[in-house]
Amino acid sequence: MTDDSAPPENASPHPPWPVRRIDDPKELRALAHPVRFALLDLLAEGPLTASQCAERLGESPANCSYHLRQLAKFAHVRPVEGGRGRERYWASREEGISIADDGPGGEAAARAVGEAVDNYRMTAWRSFVERRRQEPETWRAASLSTDLVSWLTPEELERVTQGVYDLFAPFEERDSTPETRPKGARAVRFFAYAFPGAAAASSETGS
């Protein structure tokens, strides 16, 4: 039996959850703001109001409300039930995204999104470093900051990337079903980069 949903053997690394490919320059530009990525990251923990987001991010409620409305234009967030009066709860999209730079005029917009993502990630990491001493020893011991250099072929690096996705696959259900989360579980951020060194320095073996 052929499983049409299964990727071909030579497919690029792919996460086991839905991913939306974005190549529209307008949508890319809408994402290229660190506050918007911070909001998307925060809402990944569950629905929040603009005021609750503002309290967590140190922003004003009006600013968070504005950026949430901008994200909603491209379905990156959506209003959900709950809230009182004019306060509404917002939830993030359920799928991941991939940034494409091959659309018309998309290269500059994709680069801007990449810079916003990098800025957000570094800010989030530094925030953890600042409060690290206040975290329980078990979380301090489990946290990770590392760098490795390893000689790999493109195919081997693809397998490493796929392996990272596969490691997280068993926990994906916990995103949408809080009752499946074990006691003591917290939303953990994992950022990763892997890339070849400059050609002149890496001296590719066999070439």
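Start with the disulfides: a search of the whole structure turns up zero, a disulfide being a pair of cysteine sulfur atoms within 2.5 Å. Keep in mind that this is a predicted model, where local features need pLDDT of at least 70, side-chain atom pairs count only at pLDDT 80 or more, and totals for chains, interfaces and linings use all residues. Residues are numbered from 1 along each chain as its sequence is written, and side-chain values use heavy atoms, with hydrogens and water left out.

Now select Cys-53 and Cys-64. The closest cysteine sulfur to that of Cys-53 belongs to Cys-64, 5.7 Å away, which is too far for a bond. Is Cys-53 buried or exposed? Cys-53 is buried, at 0% relative accessibility, and Cys-64 is also buried at 0% (buried is under 20% relative accessible area, exposed over 50%, partly exposed in between, with a 1.4 Å probe and protein chains only).

Next, pick helix H3, residues 50–57, and helix H4, residues 61–72. Helices here are DSSP runs of H or I with at least four residues, numbered from the N terminus. The two axes come within 8 Å and cross at roughly 115 degrees; axes are lines fitted to C-alpha atoms over the stretch in contact, with angles from 0 to 180 degrees between N-to-C directions. That makes H3 and H4 roughly perpendicular (65 to 115 degrees).

To see who touches whom, show Ala-50, Ser-51, Cys-53 and Ala-54 on H3, then Pro-61, Cys-64, Ser-65 and Leu-68 on H4; contact means heavy atoms within 4.5 Å.

Note on methods. Helices (H or I, at least four residues) and strands (E, at least two) are DSSP runs, numbered from the N terminus. Angles under 35 degrees count as roughly parallel, over 145 as roughly antiparallel, 65 to 115 as roughly perpendicular and the rest as oblique.
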